[in-house]
Amino acid sequence: MTLRLKEVTKKFGSFTAVDHLSIEIPEKQIFGFLGANGAGKTTTFRMILGLLDQTGGDISWNNGNIGYGESHLIGYLPEERGLYPKLKVQDQLVYLAKLRGMKKADALKEIDGWLERFKVPEYKHKKVEELSKGNQQKIQFISAVLHKPKLLILDEPFSGLDPVNVEMLKKAVVDLKEAGTSIVFSSHRMEHVEELCEHLCILHHGTPVVHGRLKEIKKSFGKKNIRVHADFDTSYLENIRGVTKYKPLSEGCELQIESEEIAQDVFGELHGKGFVRTFDLEEPTLNDIFIEKVGASYE
Ligand SMILES: Nc1ncnc2c1ncn2[C@@H]1O[C@H](COP(=O)(O)OP(=O)(O)OP(=O)(O)O)[C@@H](O)[C@H]1O
């Protein structure tokens, strides 16, 4: 079930939050949605979910509209986390699962499995307000996936989590994909998108500036990085034609080059100058691409 957005636009008064966005989100894959604060990611998710009406354009899923009737097929982790603080974890999850058409007995079984998996079984009968923020986020993630949705939309799922919990959630996301769920997630962290997504879109002021398959995006970017590990001063490499960036490291440097061919020149200039431990020619990172297209880095 492919999710298609065609020329989707959202205006709030005279302000355009999403501007003629056309993307295709293939099924059973993880699609990454990147963009600076205010780029239009959450607004796009709300339109996909039918929580906001678009001003123009079409959104279709499996060639039909997504409506409230499909809530059992869709899971959503909103950016503004919101569980009922006074309700106990299990009661709350059962309630939300029943809203999505699950039977209580099935829900209880699933809940136990997820709480174990996320290493929080002891919170089952605790009120949500007694949990740390990170653990509340895990519970909210569980509420988005309990009913085994076909389409899962995750707005900044990893924000505010410690590295161990980030890994735990990432693993869950990958397993859900492998089980056949189509997943769209937004993030400010390039490395998460780079690691998890085959397809992605970078939004800038509501317009997609990069869109497609990660591998092809990297290939078509042209520029590459070189990492040199050497025991002598490499700063002269900065002056080679085609070297667009130079960053000294404690032992060596990192370079950005205009195209792959420049690597030969850099390699040649290293010859005979001293001991070179490593010379690596690497693909551009998503961060490099983002900086060039959007002009700002989050790091
Ligand atoms: N209900 C609303 N009324 C008016 N403007 C809005 C409304 N919702 C969003 N906007 C504006 O639309 C733009 C896009 O917001 P959106 O929340 O989609 O961005 P985002 O990419 O999710 O940002 P962030 O990374 O900060 O979550 C922002 O400039 C925001 O102020």
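Two strands count as paired here if DSSP finds at least two bridges between them, and the elements themselves are DSSP runs numbered from the N terminus, helices being H or I over at least four residues and strands being E over at least two. The model you have open is predicted, so local features need pLDDT of at least 70 and side-chain atom pairs count only at pLDDT 80 or more, while totals for chains, interfaces and linings use all residues. Residues are numbered from 1 along each chain as its sequence is written.

Begin by selecting the three strands of the open sheet, which follow the order β2-β1-β4 with antiparallel pairing. Because β2 (15-25) and β4 (56-61) stand at the edges with a single partner strand each, one side of each has no neighbour in the sheet. From one strand to the next the twist averages 20° (axes are lines fitted to C-alpha atoms, and angles run from 0 to 180 degrees between N-to-C directions).

Next, select residues 3-12, which make up β1, together with β4: five bridges join these antiparallel strands. Within this pair, Arg 4 stands opposite Ser 60 of β4.

Now turn to the ligand and display its surroundings, which include Phe 12, Ala 17, Asn 37, Lys 41 and Glu 79; a residue is near a molecule if its C-beta atom, placed from the backbone, lies within 6 Å of it. Select 41-48 to see helix α1, which gives the most to this shell, with three residues.

Finally, colour the chain by its domain assignment, an automatic or database one, with domain 1 at 3-214 and domain 2 at 223-283. Their centres, taken over C-alpha atoms, are separated by 41 Å.
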